[in-house]
Amino acid sequence: MRMVTSPGKERRRGAPLAVTLLAVAMGFVVGGLFLAAAGYDPFRAFSVVFRGIFSRPSYMAYTVIYATPLILTGLSVAFAFRTGLFNIGAEGQFILGALAAALTGAFVELPPLVHAVAAAGAGMIAAALWGALAGFLKARWGVNEVIGTIMLNWIALYGNNFVVTRPGITRAAATATEFVRDSARIEILGVWETSEAGLAWRAVNPLWSDVLRTPFNAGIFLALGLAFLCWWILNRTTLGYELRAVGFNSSCAEYGGIDVKRNVVRSMAISGALAGAAGAFHVLGWTRQAAELAAMEGFGFDGIAVALIGNNTPLGCVLSGFLFGALKYGGSKLQFALRAPTEVVNIVMGAIVFFVAMPRCVPLLTERWRRRKGDEGGSASGGQETKRKRDTEEALAEATTEAETASAGEKGRGHVS
Amino acid sequence: MFLESVAFILGTTLMYATPLLYAALGGTVSENAGVVNIGLEGMMTFGAFVGAAVGYFLQDAWLGFFAAGVAGGLLALLHAVACVTFKANQVVSGIALNFLGPGISLFCARLLFDGATQTLALPLDAKISRPLNGVFPQNGFWDMVLNQYATVYVGFFLVGVLWFVLYRTRLGLRLRAVGEHPRAADTLGIDVDRLKYLAVVSGGVLAGFGGAAMSVAVVSRFSATLICGQGFIALAAMIFGKWKPQGAAVACLLFGAAQGLVVFMGRADMQRLLPVPSQLLAMIPFILTLAILVGFVGKAVAPATDGVPYEKDAA
């Protein structure tokens, strides 16, 4: 599968921002068409979504809370993409990160802050190892990372369910772990907000009280920090240079003395750590538990969309993570307000990704239109004929060089495809 | 007892393998023509929904099954327009389908079924039939293995059909040529784009069938979590089967057998003999797949231009 190297590369050639903005606009148009076809007023529906995001401080806080894990899984997928790897495994890495953080948070006794750092660290390390395992399977045995991570996702899911339901770990009358201790929580003022002093302060500060009602947590600041760290690693360090070199052309990188296999493992480990951070912050900041999962929750898969819309750059992931988080949270209000299906959000996101996939849609359309016009005038035909002749010659030349390089390239190609 | 166990596992194998098989075949067709199809999951989901909904409203599972094919094909048509006409990034477009398929399915389910994220169940007698029901003595060995839904036979029949088409007909040769070296095919006068369209759309039809094989045969309704990863497993089976229909069939059977083993080990009588927690049992197919990939399967070789858009006028 040649899928590994391509995502994003083409887009950086064009005008990514314009393409992305156009795609976002088209996404809303498509979503609106679906709503209109189903008999809902799209403008009213989107205004419900918009108000559902911005009209109260607590709504905005929730939007940020929804966006946090998506930004991180998006970064995870994007980071692997930049090394030419397709990490479908963010889902499983998220699960393990959440599980390890929940266990460390619930069953280890440590002073506040230290405990939170330890729990988040445990989550990131567990997920990094899980990601590295996929990288290792690829580097050592050539197991395509797409299959590898899909299988590892399921193993992580059932592993989580196994651990969570063990006696001693599971909470009474629940299919989830014991709650994370207060010392490991990263919710901002999470303990104080229900104390007497907190309640008194909240009574006179209704606006902030509204925010405190939500599980607003430090995760978003940590996520932004990690996004910056990703940018720094990719663009300012030798490690990042090597990773990107492998992503651009692994054979070339190897020729230049870069250990491709080691970089595949390293990239997957970092990618895993990012997805693990998403899971850990989600648990420590909000849910306070790792629960038995009936099915995949989709944080990792959503991360793929976030990364793709964000053009695989850290800043792009932050922005598209916010967009997706806002849509998910705002969209959840459609059902209640209008009895309109919430799933229109998935349609909007899918349509955005779909249009992001074809950055050359507009140029190709205009070219085709121009050519049709030219054909009618009969002026372009001569030029085309020469071009076709040139094509054939090139094709022949290409075929020869390909045959020459085929034997030499065989060894190098094995690492990536 | 032993024979009964074997029959049970074999029967379950066939049942579990079938939905995967359709989707894996769909992926095989599409990728042999050089279009990566990571959107199998979305097409399966859409097929499962349309199959169950049409089946329910018309009270006829076969009409549902064919409607599911049309639904999968329509979604695949979007993929084809993006990938072939507009030279889109095929992975990205496929991912988009994985959002659109479930999104549209649940959107419509809520509209048609009063806000629910599932369809109403098909009555048992309107489900896909079991043509060999009553041919063998009830609960005998052959009855347990071969008394399957018709979709199972159709699926395995299609493996043969696809093998024949891909390797024994002119169309198949052209299709593979388009995937291996589109420029050479183009120079010889083959309409590359048209063949790619054909392959992608028929791949979508097959994936849609796969969804319906789940929603109107294995169970009798569509629900939000019915198609939960099967499309990705089918994708893995396709790669595992080295982009060949017969390979995909073997991979799906293997995966189905592991699933059958899981169900078998989970039965009450087996749990008394060998108590293994169900969650650990459930891991078996996935660990097995990884182990096989590591140990026994050589490097898989994709069609040479799989995932690369073909541009006629590229300089």
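Here is a short walk through this structure, from one chain as a whole down to single residues. Keep in mind that the model is predicted.

Let us start with chain A. Its secondary structure consists of 19 helices and zero strands. Of the 417 residues in chain A, 52% are buried. Taking contacts in chain A between residues at least 6 apart in sequence, 79% link residues that are at least 24 apart.

Next, look at where chain A touches chain B. Chain A brings 54 residues to this contact and chain B brings 50 residues. On the side of chain A, the elements that give two or more residues are helix 6, helix 7 (145-164), helix 14, helix 17 (344-357), helix 18 (361-377) and helix 19 (381-413). Sorted by class, this side of chain A has 36 nonpolar, 11 polar and seven charged residues.

How do helix 14 and helix 17 of chain A meet? Their axes come within 10 Å and cross at roughly 45°. This angle lies between 35 and 65 degrees, so helix 14 and helix 17 of chain A count as oblique to each other. The crossing of helix 14 of chain A with helix 17 of chain A is left-handed. Helix 14 of chain A contributes Ala305(A), Leu308(A) and Ile309(A), while helix 17 of chain A contributes Met349(A), Ile352(A), Val353(A) and Val356(A). By class, this contact has seven nonpolar residues, with no polar and no charged ones.

Val353(A) leads us on to the largest nonpolar core, which has 235 residues. Val353(A) is among those with the most contacts inside this core, together with Leu284(A), Ala24(B), Ala237(B) and Cys252(B). Leaving aside residues up to four places away in sequence, Cys252(B) touches Ala17(B), Leu20(B), Leu21(B), Ala24(B) and Ala237(B).

Finally, let us visit two loops. Most residues other than glycine have a negative phi. Leu113(A) is not a glycine, yet has a positive phi of about 70°. You will find Leu113(A) in the loop between helix 5 (90-107) and helix 6 (114-141) of chain A. Asn311(A) also has a positive phi, near 55°, and sits in the loop between helix 14 (299-309) and helix 15 (314-331) of chain A. Are these two residues buried or exposed? Leu113(A) counts as exposed because it has 11 C-beta neighbours inside 10 Å, whereas Asn311(A) is buried, with 23 other C-beta atoms within 10 Å.

Key. Residues are numbered from 1 along each chain as its sequence is written. Chains are lettered from A and ligands numbered from 1 in the order in which they are written. This is a predicted model: local features need pLDDT of at least 70, side-chain atom pairs count only at pLDDT 80 or more; totals for chains, interfaces and linings use all residues. Helices (H or I, at least four residues) and strands (E, at least two) are DSSP runs, numbered from the N terminus. A residue is buried if 20 or more other C-beta atoms lie within 10 Å of its own, exposed if 12 or fewer, and partly exposed in between; C-beta atoms are placed from the backbone. A nonpolar core is a set of buried Ala, Val, Leu, Ile, Met, Phe, Trp, Tyr and Cys residues joined through C-beta atoms within 7 Å. Two residues are in contact if their C-beta atoms, placed from the backbone, lie within 7 Å. Ala, Val, Leu, Ile, Met, Phe, Trp, Tyr, Cys and Pro count as nonpolar, Asp, Glu, Lys and Arg as charged, and the others, Gly among them, as polar. Axes are lines fitted to C-alpha atoms, for helices over the stretch in contact, and angles run from 0 to 180 degrees between N-to-C directions. Angles under 35 degrees count as roughly parallel, over 145 as roughly antiparallel, 65 to 115 as roughly perpendicular and the rest as oblique. A crossing is left-handed if the near helix is turned anticlockwise from the far one by less than a right angle, and right-handed if clockwise.
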